[in-house]
Amino acid sequence: MNEFIPSITKTGSSDKRKKTTPKNEKKNRQQSPFFRQLGRQRSLLFMCLPFVVLVFVFNYLPLWGWLMAFQNYKPHLGVRHSEWVGLKHFKDLFSDKSFWLVLRNTLAMSSLKLVFGFLSAIILAILLNELHAKWFKRTVQTISYLPYFISWVVAANLVMTALSPEGGIINEVLMFLGIIDQPKLWLGTPRYFWWIIVFSDMWKNVGWNAIIYLSAMTAIDPELYEAANIDGAGRLKRIWHITLPGIRPVFTVLLIMNLGWILNAGFEHQLLLMNPIVREVAEVIDIFVLRYGINMGRYSFATAAGIFKSLVSIIMLVTADLVVQKLNGDEEVL
Amino acid sequence: MAKQKRYSRKTPEDRIFDTINYILMIFLIIVTLYPFINIIAVSLNDPMDSIKGGIYLKPRKFTLYNYRVVLSRKEIYNATGVSVLRTLVGTALGILSSFFVAYPLSRKDFVLRKPLTIYFLLTMYVGGGLIPGYFLIRSLGLLNSFWVYILPGLVSTFNILVVRSYISTIPDSFVESAKIDGAGEFRILFTIIMPLCIPVLATIALFIAVGQWNSWFDTYLYTSSKQELSTLQFELQKILQEATQSFSTSSDYGSAISSGAAERAKTITPTSIRATMTVVATLPVLVVYPFLQKYFVTGLTLGGVKG
């Protein structure tokens with residue numbers, strides 16, 4: 001849910017600027033030779049050069065490793081001397097039943113997270129927006145985004161404690177209410193796993209995700225509410241006809257950007273909470289890559305799976321980006 | 001006046017709505033805070049007493065014993081040091097990198113501004129993935145090295161964008177007049193730009209620090225064979241792992257006993273160790289959070305809404 005921020009920033013600032021401003025900049029450049037100007041600005045270049053190199057090494061150089069997917073990679077031979085096998089690993093991957101299972105898990109968990117994440121964040125934002133007492137609103141808000149700042153390791157521990165069959169609060173409450181008559185082993189039951197992931201993700205992120213809608217709501221003209229009030233619209237009607245339309249632009253952009261991230265179901269979360277009994281429903285693509293690549297030493301095969309994920313993600317992200325740009329075409333962002 | 005009207009003429013619908021709203025909000029507060037309070041209570045309770053269950057909001061048999069046992073373990077003590085160190089070094093260098101990249105990219109007259117902006121932006125879309133990344137780290141000799149915590153994630157495009165958009169609100173004339181006075185770019189950055197950027201600096205510093213403190217996967221992947229480089233989060237992950245894996249052998253994961261604690265198993269239980277470690281690993285975030293949370297939010301609105 002949170003990966004959307006960089007992408008929005010990107011469409012918001014740089015792209016627009018790229019297109020609109022630099023006409024006269026170009027002219028300047030033709031007048032004074034490029035290298036002379038660069039020479040004058042060398043301290044600016046030196047300033048960022050170490051980090052340009054660092055990004056090259058850690059972000060671009062690994063792309064070279066993609067070649068591994070087309071080889072029978074042996075670490076002692078390296079990419080240059082390993083045997084080439086063409087698309088063999090991709091064929092193996094697509095005929096591997098467990099890969100499709102993993103793909104299903106990834107899509108299922110990320111879609112569920114998407115739907116519940118969006119719904120919960122919007123509902124929370126609306127409810128917070130309707131609170132009159134400022135101090136109470138601030139308190140709720142501050143508390144609600146606390147879990148966002150703890151690590152998944154800690155969160156997973158809290159989830160496990162809450163779901164424990166030995167006095168975990170979930171079992172206790174459900175037994176008290178008479179919904180179940182004996183403690184359930186939530187984390188050891190495959191059919192609950194997706195929901196545990198979805199709800200714990202919601203617990204951790206809902207407050208944080210609501211912030212962006214709340215700030216969109218503060219931009220709504222209060223006169224609209226007063227006018228609606230005079231016309232006799234009640235609370236729910238005002239929310240339906242004013243608040244919701246008010247956050248629609250933000251909602252649309254976020255939704256599209258998040259669709260671009262659909263293959264990122266998060267993996268720390270699953271990796272930390274899963275156990276052998278639920279592995280079949282818990283494993284997502286990243287864990288699959290980790291297991292085959294690092295634990296089993298099938299480097300080339302795992303890289304092929306990684307490439308599949310990267311390619312699909314890039315295509316989806318670029319598409320999402322184009323759609324957002326098109327939507328924003330008439331209403332200037334900056 | 002309009003507001004007055006709204007309050008004085010509370011319709012039944014308003015009243016029902018507000019009541020439900022307050023109930024839901026209080027429910028949210030409880031759901032959010034309970035797991036924290038509960039785990040703190042368990043960590044402060046006598047371990048043998050905790051087995052009986054029924055610890056909710058406060059310890060039944062108060063003791064600091066759990067903390068004494070956990071903190072006296074050498075690996076925890078050491079891991080805390082590594083966590084603190086990586087947070088300090090990572091934050092300092094992270095701030096530096098963000099400013100050293102964001103400042104040149106904010107200068108409209110910089111000839112490489114456009115290509116470099118694209119160069120950094122692309123990293124948000126492309127990446128080699130886990131396995132190529134792993135082999136890169138290996139061939140760079142960074143396996144089992146402290147720097148693997150710092151270097152790979154040092155340059156964050158998101159932070160660069162946040163800082164750059166903040167710097168671009170500073171009038172160009174500030175930089176121009178400093179240049180006329182003969183100040184070099186580094187001096188302009190340190191004496192003029194950075195002091196004006198304190199709010200955004202605080203924001204990204206907090207994000208980087210929390211990220212460093214919370215990360216465990218790099219330890220898991222790159223330095224797990226070197227105990228001296230273990231972090232608090234990773235130690236906690238190991239304890240968690242033992243608890244989750246024991247599902248396959250028995251339903252009773254309270255009986256999983258971490259190997260190091262085997263000899264103390266009579267006096268301290270895995271549940272208590274896990275609770276105590278969780279508190280230790282969360283405490284720094286919990287302590288600074290109330291004071292600094294407004295900066296976190298500033299960061300989001302700076303980065304997301306203003307662009």
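**Exercise 1. The interface of chains A and B**

Work out how much area chain B and chain A bury between them, and what share of it lies on carbon and sulfur atoms.

*Solution.* Start with the area: in this predicted model, chain B and chain A bury about 10200 Å² between them. Of that area, 74% is on carbon and sulfur atoms. Next, look at the residues involved: 106 residues of chain B touch 106 residues of chain A. Finally, turn to the charged pairs, where the count between the two chains is three salt bridges. One pair to find on your screen is A:Arg235 with B:Asp14, a salt bridge whose closest N and O atoms are 3.1 Å apart.

**Exercise 2. A helix pair across the interface**

Classify the orientation of H4(A) and H5(B), then describe the residues where they meet.

*Solution.* Begin with the geometry: helix H4 (residues 42–60) of chain A and helix H5 (residues 74–106) of chain B have axes that come within 8 Å and cross at roughly 135 degrees. Angles over 145 degrees would count as roughly antiparallel, and H4(A) and H5(B) are therefore oblique to each other. The crossing is left-handed. On the H4(A) side, you will find A:Leu44, A:Met47, A:Cys48 and A:Phe51, which meet B:Ser97, B:Phe100, B:Val101, B:Tyr103 and B:Pro104 in H5(B). Sorted by type, the contact residues are eight nonpolar, one polar and no charged.

**Exercise 3. Two neighbours in chain A**

Determine how H16(A) and H17(A) are oriented and which residues join them.

*Solution.* First take the angle: helix H16 (residues 285–295) of chain A packs against helix H17 (residues 299–328) of chain A at about 165 degrees, with 8 Å between the axes. So H16(A) is roughly antiparallel to H17(A). Their crossing is left-handed. Now list the contacts: H16(A) brings A:Ile285, A:Asp286, A:Phe288, A:Val289, A:Tyr292 and A:Gly293, and these meet A:Tyr299, A:Phe301, A:Ala302, A:Ala305, A:Gly306 and A:Lys309 in H17(A). The tally is eight nonpolar, two polar and two charged.

Methods
Residues numbered from 1 in each chain as written. Chains lettered and ligands numbered in written order. Predicted model: local features only at pLDDT ≥ 70, side-chain atom pairs only at ≥ 80, totals over all residues. Heavy atoms only, no water. Axes fitted to C-alpha atoms, helices over the stretch in contact; angles between N-to-C directions. Helix = DSSP H or I, 4+ residues; strand = E, 2+ residues; numbered from the N terminus. Parallel < 35°, antiparallel > 145°, perpendicular 65-115°, else oblique. Left-handed = near helix turned anticlockwise from the far one by under 90°. Contact = heavy atoms within 4.5 Å. Nonpolar A, V, L, I, M, F, W, Y, C, P; charged D, E, K, R; others polar. Buried area = accessible area lost by both parts, 1.4 Å probe. Salt bridge = Lys/Arg side-chain N within 4 Å of Asp/Glu carboxyl O.
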